[in-house]
Amino acid sequence: MARVLVVDDEPGVRTALHRGLTAEGMEVVSVGDGQSALRAALTGSFDAVVLDIILPGLSGYRVLEHMRAAGVDTPVLLVSAKDGEIDQADGLDLGADGYLIKPFSFVVLVAQLKAMLRRRDATLGRTGQRVRLGGLVVDPAARSASYEGNAMELSPREFALLHALASRPDTAVAKDELLRLVWGDAQAASRNVVEVYVGYLRRKLEAVGAGHLLRTVRGFGYLVGSGT
């Protein structure tokens, strides 16, 4: 039985999610403010967290930030009425595993929760293969990337995006496929979030002289070339 922490300041939402997730066979604990959410989450005793962003006391962003800083890697699904690409990118870059825009379908929320739990089980203790494309080296075990010996400082999502593309050299990868590879689910974020992160990654590649490796395939997706 999965143990889920539900965090929302609206009593009606908490009650509905508590009843619905319990009916799905999950054990649910509900809280309504950021401080209570952080205290509960830092115990590490939950299998997943459904976390609203706008909360009294401490925002969902800060709760998530403190969790990851403390080494708590419990999967987190952010929920918010904020529907901007930057809002989604910010939350995912802080370490969220998914982002759902209010109002949302309960069926979709359950599907995302179950997908997060499956991904965590399937990927526990596993890393990808080290990739070398000319001067570009991407090493998942060390979580490092460099070009011609120049290290790049990448966020976790930027690194995952680079590794996903570099692992398929000279092959165009669709945005929906990148959502599955990097965010774990095509519904975890929007295609526009992929575009935002590609922009972040492109600037960091350009800073070390490797901007030419990342190419846009218009109307489809992106590829990292071998540089030859």
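## A first look at this predicted chain

Glu-148 is exposed, because its relative accessible area is 53% (exposed means over 50% relative accessible area, buried under 20%, and partly exposed in between, using a 1.4 Å probe and protein chains only). Welcome to the structure: this is a predicted model, in which local features need pLDDT of at least 70 and side-chain atom pairs count only at pLDDT 80 or more, while totals for chains, interfaces and linings use all residues. Residues are numbered from 1 along each chain as its sequence is written, and side-chain values use heavy atoms, with hydrogens and water left out.

**The chain as a whole**

- The chain has 8 helices and 12 strands; both are DSSP runs numbered from the N terminus, with helices (H or I) of at least four residues and strands (E) of at least two.
- Its radius of gyration is 18 Å, close to the 17 Å from the globule rule for 228 residues, so the chain is as compact as a globular protein of that length. The radius is taken over C-alpha atoms, and the rule is 2.2 Å times the number of residues to the power 0.38.
- Along the principal axes, the C-alpha atoms fill a box of roughly 60 × 35 × 30 Å.
- Of the 228 residues, 47% count as buried.
- The accessible surface of the chain is about 10600 Å², and 51% of that belongs to carbon and sulfur atoms. Such areas come from the Shrake-Rupley method with a 1.4 Å probe, and for residues only the protein chains shown count as cover.
- Among contacts between residues at least 6 apart in sequence, 59% join residues at least 24 apart; a contact means heavy atoms within 4.5 Å.

**The parallel sheet and its helices**

- Strands of a sheet pair through backbone hydrogen bonds, either parallel or antiparallel.
- An open sheet of 5 strands with parallel pairing has the order S2-S1-S3-S4-S5; two strands pair if DSSP finds at least two bridges between them.
- At the edges are strand S2 (27-31) and strand S5 (98-101), each of which pairs on one side only.
- From one strand to the next, the twist averages 20°. Angles run from 0 to 180 degrees between N-to-C directions, with axes fitted as lines to C-alpha atoms, for helices over the stretch in contact.
- Strand S4 (residues 76-80) is joined to S5 by 4 bridges in the parallel sense, and Leu-78 has Tyr-99 in S5 as its bridge partner.
- Helix H1 (residues 11-23) packs on the sheet and touches strand S1 (3-7), S2 and S3, with its direction at about 170° to that of S2.
- Helix H2 (residues 34-41) lies across S1 and S2, at about 165° to S1.

**Asp-52, the annotated residue**

- An unreviewed UniProt entry places the feature "modified residue: 4-aspartylphosphate" at Asp-52. UniProt positions are given in the numbering used here, feature names are shortened, and annotations may be inferred rather than shown by experiment.
- Asp-52 is part of strand S3 (residues 48-52) and counts as buried because its relative accessibility is 4%.
- Leaving out residues up to four places away in sequence, Asp-52 touches Val-7, Asp-8, Asp-9, Gly-60, Val-79, Ser-80 and Lys-102.

**His-18 on helix H1**

- His-18 sits in helix H1 and is partly exposed, because its relative accessibility is 31%.
- Beyond its neighbours within four places in sequence, His-18 is in contact with Val-28 and Ser-30.
- His-18 and Ser-30 are 12 residues apart along the chain, and their C-alpha atoms are separated by 7.0 Å.

**The antiparallel sheet**

- S11 and strand S12 (residues 221-224) run antiparallel and are joined by 4 bridges; Thr-216 has Tyr-222 in S12 as its bridge partner.

**Backbone details to look for**

- The peptide bond from Lys-102 to Pro-103 is cis, with omega near -10°; Pro-103 belongs to the loop between S5 and helix H5 (106-123).
- Arg-143 is not a glycine, yet has a positive phi of about 50°. Arg-143 lies in the loop between strand S7 (136-139) and strand S8 (144-147), and is partly exposed with a relative accessible area of 39%.
- Glu-148, in the loop between S8 and strand S9 (150-151), has a positive phi of about 50° although it is not a glycine.
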